[in-house]
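Notebook open, structure loaded. Today I want to look up the sheet first, then the cores.

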Amino acid sequence: MAKRVLEEEEESLWRMVVRDIVPLHPSRPKSKPVPPPTPKVEAVKPARVPLVPSPPAEQDLSFRALLARPVLRRPRPQDLRVGVRSPGLDDTSWKRLSRGELKVDAKLDLHGYIVQDAFERLLDFMHRAKARNWRCVEVVTGLGSGATSGLIRRELPLWLQRADIRPMVLAVVHPHAANHGSVRILLRTKRR
């Protein structure tokens, strides 16, 4: 009984909402369904027949076959690599960055974080850097130790390639040749 009363109340509320709806273009005629296009018949050109017919190559699309294929990924021009000068960066800025002469505006230390937390902190840090118009920041990942040695250090270049972070970054270098546990990031700034 109670269920039926609820259903009736819901239906009456629905009618109240729907009763005031007016079509946007009442004067327009309803569109007629478009008939499917008729296939065009083209003249068939005689094809050259190969001297030795080759059997069609069968592709193995199993998961194991896909994993066994070598993946050849060439770096795209917009790929960001640590210690490699990006196109569009002037000589003076590149030399000052690679020599460690640029003043660091802020530093983020990711020691002791799990990978997910480190990523979230980096994302927040990079957006803060953009909002505050920082020029150079340093991210300390550490070299890592143990069985999962240096996961954050290895993931950092991939995180910097993300579509929401990559437009902010001009170049990335290690501040010290002997220490690959930190990177300095040169950021794009807004002109004042």
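I call two strands paired if DSSP finds at least two bridges between them. Strands (E, at least two residues) and helices (H or I, at least four) are DSSP runs, numbered from the N terminus. The model is predicted, so I note that local features need pLDDT of at least 70 and side-chain atom pairs pLDDT 80 or more, while totals for chains, interfaces and linings use all residues. Residues are numbered from 1 along each chain as its sequence is written, and side-chain values use heavy atoms, with hydrogens and water left out.

**Sheet.** I looked up Lys-107 and found Glu-138 in β2 as its bridge partner. β1 and β2 pair in the parallel sense, over four bridges. The open sheet has four strands in the order β1-β2-β4-β3, with mixed pairing. β1 and β3 stand at the edges with a single partner strand each, so one side of each has no neighbour in the sheet.

**Cores.** By nonpolar core I mean buried Ala, Val, Leu, Ile, Met, Phe, Trp, Tyr and Cys residues joined through side-chain atoms within 4.5 Å; buried is under 20% relative accessible area (1.4 Å probe, protein chains only). Which members of the largest core touch the most others? I got Met-126, Val-139, Leu-160, Val-169 and Ile-185, out of 25 residues. β1 (106–109), α4 (115–131), β2 (136–140), α5 (151–160), β3 (169–173) and β4 (182–187) each supply at least two residues of this core. α4 gives the most, with seven. I also noted a second, separate core of nine residues, including Leu-97 and Cys-136.

Methods: Buried means under 20% relative accessible area, exposed over 50%, partly exposed in between (1.4 Å probe, protein chains only).
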